[in-house]
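Welcome to this short tour of a protein chain. Please take a moment to look over the sequence and the 3D view before reading on.

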Amino acid sequence: MPEGDTDYRAARLLDRSLSGRVLTRTDFRVPQHATADLSGATVRATLSRGKHLLTRIGGGPDGEEWTLHTHLKMEGAWRVLERGRRWPRPAAQARVVLETDGLTAVGFSLGIVELVPRVREDDLVGHLGPDLLGPDWDEDEALRRLLEDPARPIGEALLDQTRLAGIGNMYMAELCFVSGVHPRTPVGAVAGLPRLVRRGRQMLALNKERAVQSTTGDLRERQRMWVYRRDKSPCRRCRTPIRVAMVGPVGRERASYWCPSCQPEHAAGA
Ligand SMILES: [Zn+2]
């Protein structure tokens with residue numbers, strides 16, 4: 001799943017490319033919006049809320065202000081190309097096409113494509129916790145939400161976008177490592193939770209401007225992560241082999257990576 005910084009970059013790409021431009025053609029290749037046509041409308045802006053992308057479009061022939069809600073989920077991507085250029089992925093994967101007089105923006109394999117009146121935007125993202133990359137980031141509120149269920153494993157709580165928004169599997173693993181916390185530690189037992197959350201915000205902020213993601217600060221291939229997808233490889237700090245296990249609620253398990261020596265799991269009741 002893309003992390004919050006990936007969504008942020010996708011939003012910025014769309015925002016820079018399309019904002020202020022009039023759409024000459026639109027194509028929504030999802031059943032519920034197959035007949036929608038926003039040609040003649042102007043793209044106002046695109047912003048990200050956690051992992052959700054909101055593209056505001058309005059002032060067209062129908063006079064309505066719309067929000068196009070998209071979500072990259074696992075495989076999704078937005079690409080902006082000069083009009084007439086060859087698409088980087090098969091046309092069958094396209095879910096949304098937005099065209100201006102010079103550019104084509106194509107959303108491939110999007111997990112969500114939803115067109116709603118702007119006034120309903122809050123229904124789409126109102127459930128989200130504070131956005132780590134949002135202009136209205138609220139640390140106290142994020143901590144309050146995380147601690148609502150103090151027995152919940154920290155790894156699971158960090159992935160819950162209604163607690164705080166923007167952390168996917170990769171940053172969850174990396175954040176637990178740099179904080180020396182086992183992903184299964186109950187949230188209420190994590191020493192220095194505010195510091196962990198602040199580090200999460202730093203990680204996303206550092207990575208939002210660059211094309212490759214790194215939490216170690218080293219941008220070389222295979223040197224970018226502390227533990228994520230490094231199972232069986234030696235820990236960069238102590239050489240202990242990194243472990244991996246599936247964690248999380250049944251049906252929504254995710255791979256979790258940790259160093260058993262740098263991130264000891266406390267015995268039950270300890
Ligand atoms: Zn270690």
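## A helix on the inside

The buried residues of helix 5 are N169, M170, Y171, M172, A173, E174, L175, C176, F177 and V178. Here a residue is called buried when its relative accessible area is under 20%, exposed when that area is over 50%, and partly exposed in between, using a 1.4 Å probe and protein chains only. Since 10 of the 10 residues of helix 5 are buried, this helix is largely enclosed by the rest of the structure. What do the buried residues of helix 5 pack against? Their neighbours are helix 1, helix 4 (154-159), helix 6 and strand 10, where a contact means heavy atoms within 4.5 Å.

Just after helix 5 comes G180, which takes a positive phi of about 65 degrees. T185 counts as buried because its relative accessibility is 8%. Leaving aside neighbours within four places in sequence, T185 touches R152, P153, I154 and V190.

## The model and its overall form

This is a predicted model, in which local features need pLDDT of at least 70 and side-chain atom pairs count only at pLDDT 80 or more, while totals for chains, interfaces and linings use all residues. Residues are numbered from 1 along each chain as its sequence is written, and side-chain values use heavy atoms, with hydrogens and water left out.

The chain holds 6 helices and 10 strands; these are DSSP runs numbered from the N terminus, with helices (H or I) of at least four residues and strands (E) of at least two. For 270 residues, a compact globule would have a radius of gyration near 18 Å, and the chain's 20 Å agrees with that. This radius is taken over C-alpha atoms, and the globule rule is 2.2 Å times the number of residues to the power 0.38. The C-alpha trace spans about 65 × 40 × 30 Å along its principal axes.

## Inside, outside and charge

Of the 270 residues in the chain, 49% are buried. Among contacts with a separation of 6 or more, 57% join residues 24 or more positions apart. The accessible surface comes to about 13,000 Å², and carbon and sulfur atoms account for 48% of it; these areas come from the Shrake-Rupley method with a 1.4 Å probe, and for residues only the protein chains shown count as cover.

How many positive and negative side chains does the chain have? There are 42 positive and 34 negative ones, and the centres of the two sets lie 8 Å apart. Lys and Arg count as positive and Asp and Glu as negative, leaving out His and the chain ends. The place of each charge is taken as NZ of Lys, CZ of Arg, CG of Asp or CD of Glu.

## Salt bridges across the chain

Side chains of opposite charge can pair when their charged atoms come close. A search of the whole structure finds 21 salt bridges, each being a side-chain nitrogen of Lys or Arg within 4 Å of a carboxyl oxygen of Asp or Glu. One of them joins R21 and D101, at 4.0 Å from N to O. R21 lies in the loop between helix 1 (4-18) and strand 1 (25-28), and D101 in the loop between strand 6 (94-99) and strand 7 (103-108), so the pair ties together parts that are 80 residues apart in sequence. R21 is partly exposed at 34% relative accessibility, and D101 is exposed at 63%.

Another salt bridge links R198 with E139, their closest N and O atoms being 3.0 Å apart. Because R198 lies in helix 6 and E139 in helix 3 (residues 139-146), this pair ties together parts that are 59 residues apart in sequence. R198 is partly exposed at 44%, whereas E139 is buried at 18%.

## Two arginines with positive phi

Most residues other than glycine have a negative phi. R222, however, has a positive phi near 70 degrees, and R229 has a positive one near 60 degrees. R222 is found in the loop between helix 6 (193-207) and strand 9 (243-247), and R229 is also in the loop between helix 6 and strand 9. Are these residues buried or exposed? R222 counts as exposed at 72% relative accessibility, and R229 is exposed with a relative accessible area of 62%.
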